[in-house]
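My entries follow the structure shown here.

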Amino acid sequence: MDSLVSTEWLAAEPGAGDLKLLDASMHLPDAARDARAEYDAGHIPGALFLDLASLVDAGAQTENTLPTAAQFAARMAQLGIGADDRIVVYDDSAIRSAARAWFVLTHYGARHVAILDGGLGKWKAEGRTLASGAEAAGNGEFIPAPATDRLRRKADVLANIASGTVQVIDARGAPRFA
């Protein structure tokens, strides 16, 4: 499976038992939007709500930190997702939160993860069917295998900056950066 799939591709895959669809919508507080309520009102049929905003390590010193392996495994079990499932994530968010979901899933060892090109907005614009309410999750076991070589700790970043050999780029918008 490619890392980016089209709405046409997804529409042709209904009922595929190994395909899991996750709504990874998440909004910043100033957006005044409720991702769960929006999911309940209308989502791609079969999609489960990831609740990405709560999939963080609440015990970390900084906000929005990656969840622990145990937290991740528990959420995947709750959603009925295994590491070998084909997973498609999408969002309806100005911050393109499906990309974060893709990163978290692949960080913990999901082997087949794709982002839906255009997300829920494109799905709706094409007049495709929506479902409402919660979807039933299956059973799954996901044994996390973190790719720790993809992460850098604060000390690593500071050392890189001090060395002058690595550029650090902050991709957030100007108001959030400030």
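**Entry 1: the model.** I noted that this is a predicted model, in which local features need pLDDT of at least 70, side-chain atom pairs count only at pLDDT 80 or more, and totals for chains, interfaces and linings use all residues. Residues are numbered from 1 along each chain as its sequence is written, and side-chain values use heavy atoms, with hydrogens and water left out. I looked up pLDDT (the predictor's confidence in each residue, from 0 to 100): its mean over the chain is 91, and 99% of the residues reach 70 or more.

**Entry 2: the cores.** I took a nonpolar core to be a set of buried Ala, Val, Leu, Ile, Met, Phe, Trp, Tyr and Cys residues joined through side-chain atoms within 4.5 Å. Buried means under 20% relative accessible area, exposed over 50%, and partly exposed in between (1.4 Å probe, protein chains only). The largest core has 23 residues, and those touching the most other members include Phe72, Met76 and Phe142. Helix H4 (98-107) is among its suppliers, as are H3 and strand E4 (86-90); H4 gives the most, four residues. Helices (H or I, at least four residues) and strands (E, at least two) are DSSP runs, numbered from the N terminus. Apart from this core lies another, of 12 residues, among them Val5 and Trp123.

**Entry 3: helix H4.** I listed the buried residues of H4 as Ala98, Ala101, Val104, Leu105, Thr106 and His107. They pack against strand E2 (19-23), H3, E4 and strand E5 (112-116), contact meaning heavy atoms within 4.5 Å.

**Entry 4: arginine 75.** I found arginine 75 in helix H3 (residues 69-79).

**Entry 5: salt bridges.** I counted eight salt bridges in the structure. Arginine 33 pairs with glutamate 38 (2.7 Å, N to O). Arginine 33 also forms a salt bridge with aspartate 92, their closest N and O atoms being 3.4 Å apart. This second pair links distant parts of the chain, 59 residues apart. At 34% relative accessibility, arginine 33 counts as partly exposed, and aspartate 92, at 24%, counts as partly exposed.

Technical notes: A salt bridge is a side-chain nitrogen of Lys or Arg within 4 Å of a carboxyl oxygen of Asp or Glu.
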